[in-house]
Each structure stands twice: as structure tokens, then as C-alpha cells.
Amino acid sequence: MLFRRNAIVIFMCIELMLNSVNLLLTAFSNQHNDPSGQIFVFFIMAVAAAEVAVGLAILVMIYRNARSVDIDFFNKLKE
Amino acid sequence: MIQYAFYILSALSVASALMTVFTRKPVYSVLYLIFFFFTLFGHYILLNAQFLAAVHLIVYAGAIMVLFLFIIMMLNLNKEIEPNKSVVAKFAAVISGGLLMIVVISAMKGVDHVALNHRSDIGLVETLGNVLYNKYMLPFEMVSVLFLTAIVGAVMLGKKEIK
């Protein structure tokens, strides 16, 4: 249903989206002369790093059990 | 002159982000994403956010992408497993992604960009450190608790069960 089926590439696209929000917040902080935007970018980056660590740990565990990272294979919640 | 640098940098960013999504091999995706982070470094320097630029480069391109490469190499995920989707599905995905862009562009259209008197020290470490430790002390401490949780969770999830 999505563009890609490899779970690792989906993680990387999530990082892309988070970085786009970072750039937008920094641009607004530059325009309104407020350092709070850059502080929030700092926190978003911290949360993204923690999320990548835990998400990749989950991915490794899934790979150990199912031997593939194809997300079309994991629609067991659907039925 | 700076405008040309901005346009070239933006074109490189968008091109490398598109190549991240559309390339077939995951290792090429990671490499394009690392190049994207370098172009983002240039963007942050243009926006006078020097501390954020350095931290982004070190954390994202230096640590997180290396972690991705470790996982891809360890689990040997470089195979191309994508079948061809139907053209209708691709078209629907592009349209639904582009609607958000239209919303953001139309929200910014009638805004008059008033240039306030720019403080030139807004991106420096001292200013950001002052604001972070005075006004946002509680979220800072909560982020440390969050990191502790993430470390414990990642280690616990990565353990092999000894049967």
C-alpha cells in the first residue's frame, strides 16, 4: 500500500520527515527572533535518536523470528 | 550571491531526499540520506543556527546513519524486494503527499515578512544554553529519563533468549 516495503527504508523516511520539521522550526525561529524554536529542534532530535535505537532493536528481533523485513508479511493484526 | 547558494543547496536536498525514497537498494538509500544531512548542514549555516548544524551533523550523520548501516550489514538486507506497484497506487500516494505541501504553501502566501531587528547571536551556543537551562530545565531532565528508558528498552529487546 505504501511505496516501499523494506522496513529499514521506512525508518529512513521517518527520519526525513522529522528533519523537515526541524528545518521549518529553525527557519521560523530565525524569522521571529526567538531561540525557543531551536531548543525544540534539539528536543526533537533527542527523541528521534531514542526512537531509532528502540525501533531498530524491535526490527532486529522481528528479523530473528521471521527471517525477513518485508512489512507485507506482518499483517497479522488485520485478520 | 547567497541566494544562488540557497537554490543550489535546496535542489541538492530535494534531489537526494527523492533518491532516498526511490532507489532500490537500501544501502544506496542510507548513502543518499547521509548526503541529505550534509545539505541540511549547509541550510542550518545559512539560517545562522550554528550549534544546531554541528549537533545535527554529529548526531544524525555520525551516529544514527552508522547505526542503520550496522543493521543493514548485520542482517544482510541489501536485497531488492520491491515488486512493481500499480500506477494508480503511486499516483494516489503522490497526490495525498502533495496536498500537505499545498496547505503549507497557501498558509504562508498572504504573510508579510516583516524583518525584525535580528539578533545576530541567536544560533550561538551561549544564547541557546541560557534559554535551555533557565526556561526549559524540566524538559531537559525529562529527556535524560527518556534516554535511560530507551537504553534499557533497546538492550532488553536485543537480548537473545537462552533456551
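## A walk through a two-chain helical model

With 18 C-beta neighbours inside 10 Å, Asn48(B) counts as partly exposed. Keep in mind that this is a predicted model. Asn48(B) is a handy place to start, as this residue sits in the loop between helix 2 and helix 3 of chain B. Its backbone is worth a look too: Asn48(B) isn't a glycine, yet has a positive phi of about 65°. For background, most residues other than glycine have a negative phi.

Asn33(A), which isn't a glycine either, has a positive phi of about 65°. Look for Asn33(A) in the loop between helix 1 and helix 2 of chain A. Asn33(A) has 13 C-beta neighbours inside 10 Å, so this residue counts as partly exposed.

Now step back to the chains themselves. Chain A has two helices and zero strands, while chain B has six helices and, again, zero strands. Reading along chain B, you get the pattern α-α-α-α-α-α. Of the 79 residues in chain A, 32% count as buried; for the 163 residues of chain B, the buried part is 18%. Then there are the contacts within each chain, taking pairs at least 6 apart in sequence. In chain A, 41% of these join residues at least 24 apart, and in chain B the figure is 56%.

Chain B also comes with a domain assignment: domain 1 covers 1-79 and domain 2 covers 124-163. The C-alpha centres of these two domains of chain B are 23 Å apart.

So how do the chains meet? The contact between them takes 39 residues from chain A and 46 from chain B. On the chain B side, at least two residues come from each of helix 1 (2-22), helix 2, helix 3, helix 5 and helix 6 (137-158). Helix 3 of chain B gives the largest share of that side, with 10 residues. Sort the chain B side by class and you get 34 nonpolar, 10 polar and two charged residues.

Let's follow helix 3 of chain B across to its partner, helix 2 of chain A. Two packed helices are described by the angle between their axes and the distance between the axes. Here the axes of helix 2 of chain A and helix 3 of chain B are 11 Å apart, at an angle of about 5°. These two helices are therefore roughly parallel to each other. Helix 2 of chain A brings residues including Val41(A), Met45(A), Val52(A), Leu56(A) and Tyr63(A) to this contact, and helix 3 of chain B brings residues including Val55(B), Val59(B), Leu67(B) and Ile71(B). By class, the contact of helix 2 of chain A with helix 3 of chain B has 15 nonpolar residues, two polar ones and no charged ones.

Setting aside neighbours within four places in sequence, Leu75(B) is in contact with Val60(A) and Tyr63(A). Leu75(B) counts as partly exposed because it has 16 C-beta neighbours inside 10 Å. For a sense of scale, Leu75(B) and Tyr133(B) are 58 residues apart in sequence, with 41 Å from C-alpha to C-alpha.

Helix 2 of chain A (residues 36-66) has another partner in helix 5 of chain B (residues 125-134): their axes come within 10 Å and cross at roughly 75°. That makes helix 2 of chain A roughly perpendicular to helix 5 of chain B. In this contact, Ser36(A), Gln38(A) and Ile39(A) meet Leu128(B), Val131(B) and Leu132(B).

Finally, look inside. In soluble globular proteins, nonpolar side chains tend to be buried together. The largest nonpolar core in this model has 34 residues, and Ile8(A) and Phe68(B) have the most contacts inside it. Helix 1 (7-32) and helix 2 of chain A, along with helix 2 (26-46) and helix 3 (50-75) of chain B, each supply at least two residues of this core. Helix 2 of chain A provides the largest share, nine residues. Which residues is Ile8(A) in contact with, leaving aside its neighbours within four places in sequence? One of them is Val69(A), and chain B provides Pro26(B), Phe68(B), Ile71(B), Ile72(B) and Leu77(B).

Note on methods
Residues are numbered from 1 along each chain as its sequence is written. Chains are lettered from A and ligands numbered from 1 in the order in which they are written. This is a predicted model: local features need pLDDT of at least 70, side-chain atom pairs count only at pLDDT 80 or more; totals for chains, interfaces and linings use all residues. Helices (H or I, at least four residues) and strands (E, at least two) are DSSP runs, numbered from the N terminus. A residue is buried if 20 or more other C-beta atoms lie within 10 Å of its own, exposed if 12 or fewer, and partly exposed in between; C-beta atoms are placed from the backbone. Two residues are in contact if their C-beta atoms, placed from the backbone, lie within 7 Å. Axes are lines fitted to C-alpha atoms, for helices over the stretch in contact, and angles run from 0 to 180 degrees between N-to-C directions. Angles under 35 degrees count as roughly parallel, over 145 as roughly antiparallel, 65 to 115 as roughly perpendicular and the rest as oblique. A nonpolar core is a set of buried Ala, Val, Leu, Ile, Met, Phe, Trp, Tyr and Cys residues joined through C-beta atoms within 7 Å. Ala, Val, Leu, Ile, Met, Phe, Trp, Tyr, Cys and Pro count as nonpolar, Asp, Glu, Lys and Arg as charged, and the others, Gly among them, as polar. Domain bounds come from an automatic or database domain assignment.
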